[in-house]
Amino acid sequence: MSKYDFKSIEAKWQKYWEANKSFKAERDTSKKKYYLLEMFPYPSGRIHMGHVRNYAIGDAVARFMRMRGLNVLHPIGWDAFGLPAENAAIQNNTHPAQWTEENITTMQAQLKSLGFSYDWDREIATCRPEYYRWNQWCFLKFLEKGLVYRKNSQVNWCESCQTVLANEQVIDECCWRCDGEVTQRFQEGWFLKITDYADRLLEGCKGLTKGWPEQVLTMQSNWIGKSYGAEVDFQVKGKDKSIRVFTTRPDTLYGATFMVLAPEHPFTFSLSRGTEQAELVDEFIKNVKQEDKISRTSEKGEKEGVFTGAYVVNPLNGEDIPVWSANFVLMDYGTGAIMSVPAHDQRDLDFARKYGLTVRVVIEPPEDSLDALTMTEAFSVDGTMVCSDSFDGLFGNEARRKVCDYLEEKKLGKSTVNYRLRDWGVSRQRYWGTPIPIVHCDDCGLIPVPENQLPVKLPLDVELGDRGRSPLTTLAEFIETECPKCNKPARRETDTLDTFVCSSWYFYRYTSPHNNRAAFDKYDADYWMPVDQYIGGIEHAILHLLYSRFFHLVFEDMGLVKSDEPFSNLLTQGMVIKDGAKMSKSKGNVVDPEEIIETHGADTARLFILFAAPPIKDLEWSSQGVEGCSRFLKRVWRIFEDFVEEIKTAKSVSEDYEAGAKELRELRRMAHVTIRRVTEDIQIRMQFNTAIAAIMELVNHLYSFRDEWTSLKEKSDEARAVLREAFDILILLLSPFAPHIAEEMWSRLGYEMSLGFVSWPVFNEALTQTEEMLIVVQVNGKVRHRIMVPTSADEEAVKARVLDDPKIREQTKDKEVRKIIVVPGKLVNIVAK
Ligand SMILES: [Zn+2]
Ligand SMILES: [Zn+2]
């Protein structure tokens, strides 16, 4: 009997899969396709446990779907541009390209050692010219469609990364990548007009409710932040001008007791001229200029303000209200002016209390009333309008609509729709990224590089400075060029594209990765897209997942794709936790996957990761858990070894076979019940943990059967066939989780085809029925006994079986049985006196 030698088994099958290109995917319109994708990794150098979890989940699904007869595309590649390569290059005195390619080689080997069923022929790396050429092409197409512009604006700046960040990349006022402080600065840069698609991105969320986690859709909807409201004009008192404000709460207009302008608003300066406040206002504007946008608008930031000396007229009640300027109002949100309703907005209330401004309640909660003089918490949700003339008594949306109608009728303002989403700033001041294909010409302005001159190659022969300043900005060979329009000397753009641009369309590239005439082939994309199942971390909810949906809509408008959305189903897997915290180098709680593979094997690692928790939940690492899975696979191996010789030559069970021995019938039932459980757990619920638990039960059953087998008289060919069937089922069900051991056992049974494409077993409904059931027996309403009766027994047979039971006979002796009540499948009650 041979030992479970996972090392040689795993090496053998990995070699086999690679040599035979077992998982190569090809377009085949006669077959139903299934595109399974995990978010592609950044080539940081080593695979970590989070990767292993992500890919183990994906691979289980890919293998399952392949066995279900679908034409599965399961590609892998590298999100290979980005800052860590540059930082590592500076630290280790290498080149980002060399560092990245070396990491890719290491990580490829690591992924292969885990036995994932990728189509390696489709591997891509975004840092290679054959990929980023098409990234540049996308940029030019977007430009052609009027979806790219350049502007000088206040941007988020990460000092430690030495680059600009998009709004989506600032998380809790810090950099998404390095967690460093983000400040504001003015900078010229390129933007993609994602706001043009705000409404369609929002609408699309409705179609995704079946396949996407609700949480991700909520995060996207909130980020897009569509709000209905009104633009209202407030007449400046004594002047022939008015100030427009935007409000999402027109129902609170009667409670607007002051107005606040951004310090940058031109009226802040001009309205204060000639008033006693002029000097104070000048000083205030000067001070605010030194504050950054983020601390100005953060909840914790100190609210500072100054009276401008001017008044405006509330258009609804004709009241004069003072105009202030305050640091928390920004020019680039809305109109740079807000109406303040302190009773119904907390920030306004804090400001009003600080500067002694009027508070007036105009919205009442149901069954309660507010005291304007003493309230410390604003009532900011929907309520009933009060102190609002003829609008009194109106509530919520209806109230807002009525006020809007009135404003439009009296020409005091108009109803509007606003979005929180801003355009996507894609200029990065770093080296290791896609060069933006633009030329600056003194005569012609900004000129796109013609398509036939792509790619604009990133020069590799550069020295990286220690401050992280991009060498492109000083590299004459790169910068100096000719204007494509007038041929005069001109300069290349030196900013590179945000790496999130690379990842916004890589899943199309996988459909025809070697195409050198287009970003992707339309026929291939039409066949494979959309991605049927996407798997990745929730941290990308409003970054990558929103950007990709945006790119998809633009491609759709260009006639390049025909599906509505890029990802039909999304699974966001939980984190891998150890000792109560996410595994991370800084916490020192990292378990290296290579170590686990070395000691226990890839199959054990994969099995543990899928068994320890459902995919969407966090997974607590446990070395006992790993050892448990390792023991389980050894147990599978031993029972297989015990029987392999016996069943190797067994024929298959015939269609109409009915086993005589109860043990054989029970084994068949168990095997078919396990098929049903595992199939439903994967297909319907994606609960691999319960699927694996079911397989473990089948293995336990085989062990108890082994004892019975020894004494079994009926060791006929048919009996061996039943046993063979049970092992076939066990191996097939185990194969998506632990593919190497499954392949080995499968080939030992004499099968020639690799498991990857063997049909998934189908359960026989009739065989899954139990033959006997447990019935509770009561005597005069008290539970006295539990007995097994055949499932097929009718009421009379059940009665007879119960009355014949020795224990019940004992209970009813000396008594007259008056009545027997049978509740089918559950209970028998005997009434006896
Ligand atoms: Zn940073
Ligand atoms: Zn020119």
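**Close-up views of a predicted model**

C486 counts as partly exposed, at 27% relative accessibility; by the terms used here, buried is under 20% relative accessible area, exposed is over 50%, and partly exposed lies in between, with a 1.4 Å probe and protein chains only. The model is predicted, so local features need pLDDT of at least 70 and side-chain atom pairs count only at pLDDT 80 or more, while totals for chains, interfaces and linings use all residues. Residues are numbered from 1 along each chain as its sequence is written, chains are lettered from A and ligands numbered from 1 in the order in which they are written, and side-chain values use heavy atoms, with hydrogens and water left out.

**View 1. The zinc ion (ligand 2) and its four cysteine donors.** The protein donors are the SG atoms of C441, C444, C483 and C486, which lie 2.2 to 2.3 Å from the zinc ion (ligand 2). Donors are N, O and S atoms within 2.8 Å of the metal (3.2 Å for Na, K and Ca); water is not among the atoms, so sites may look incomplete. The 4 donor atoms subtend angles of 106 to 112°, and the arrangement is therefore tetrahedral. Four donors count as tetrahedral if all angles lie between 85 and 135 degrees. Ideal angles for four tetrahedral donors are 109.5 degrees. Along the sequence, the donor residues of ligand 2 follow the spacing C-x2-C-x38-C-x2-C. C444, in the loop between β22 (438-441) and β23 (445-448), and C486, in the loop between β24 (480-482) and β25 (489-492), link distant parts of the chain, 42 residues apart. Helices (H or I, at least four residues) and strands (E, at least two) are DSSP runs, numbered from the N terminus. C444 is partly exposed, with a relative accessible area of 25%.

**View 2. The hairpin of β22 and β23.** Strands β22 and β23 run antiparallel and are joined by 4 bridges; two strands pair if DSSP finds at least two bridges between them. The hairpin connects β22 to β23 through 3 residues. I438 stands opposite P448 in β23.

**View 3. The zinc ion (ligand 1) and its four cysteine donors.** C158, C161, C175 and C178 coordinate the zinc ion (ligand 1) through their SG atoms, at 2.2 to 2.4 Å. The angles that the 4 donor atoms subtend are 99 to 121°, which makes this arrangement tetrahedral. The donor residues of ligand 1 are spaced C-x2-C-x13-C-x2-C in sequence. C161 lies in the loop between β5 (148-158) and β6 (163-165) and C175 lies in strand β8 (residues 174-175), so the pair ties together parts that are 14 residues apart in sequence. C161 is buried, with a relative accessible area of 3%, and C175 is buried at 2%.

**View 4. E173 in the loop between β7 and β8.** E173 is found in the loop between β7 (170-171) and β8. Its phi is positive, about 70°, although E173 is not a glycine. E173 is partly exposed, with a relative accessible area of 34%.

**View 5. The open sheet of 4 strands.** The strands stand in the order β33-β32-β35-β34, and the pairing is mixed. β33 (782-790) and β34 (817-823) are at the edges, each with a single partner strand, so one side of each is left without a neighbour in the sheet. Neighbouring strands are turned by 20° against each other on average, direction ignored; axes are lines fitted to C-alpha atoms, for helices over the stretch in contact, and angles run from 0 to 180 degrees between N-to-C directions. β32 (residues 772-779) and β35 (residues 827-832) pair in the parallel sense over 4 bridges. V776 stands opposite L827 in β35.

**View 6. K799 in helix α25.** K799 lies in α25 (residues 795-803) and is buried, with a relative accessible area of 19%. Not counting residues up to four places away in sequence, K799 touches I820 and V822; contact means heavy atoms within 4.5 Å.

**View 7. Helix α3 and the residue after it.** In α3 (residues 83-92), L83, A85, E86, A88 and A89 are buried. The buried residues of α3 pack against α4 (96-112). Just after α3, N93 has a positive phi of about 55°.

**View 8. Two cis peptide bonds.** One cis peptide bond joins L454 and P455, with omega about 0°. P455 is in the loop between β23 and α13 (476-479). Another joins M529 and P530, with omega about -5°. P530 is in the loop between α16 (522-528) and β27 (533-536).

Key. Tetrahedral: all angles 85-135°; square planar, octahedral: opposite > 155°, others 65-115°.
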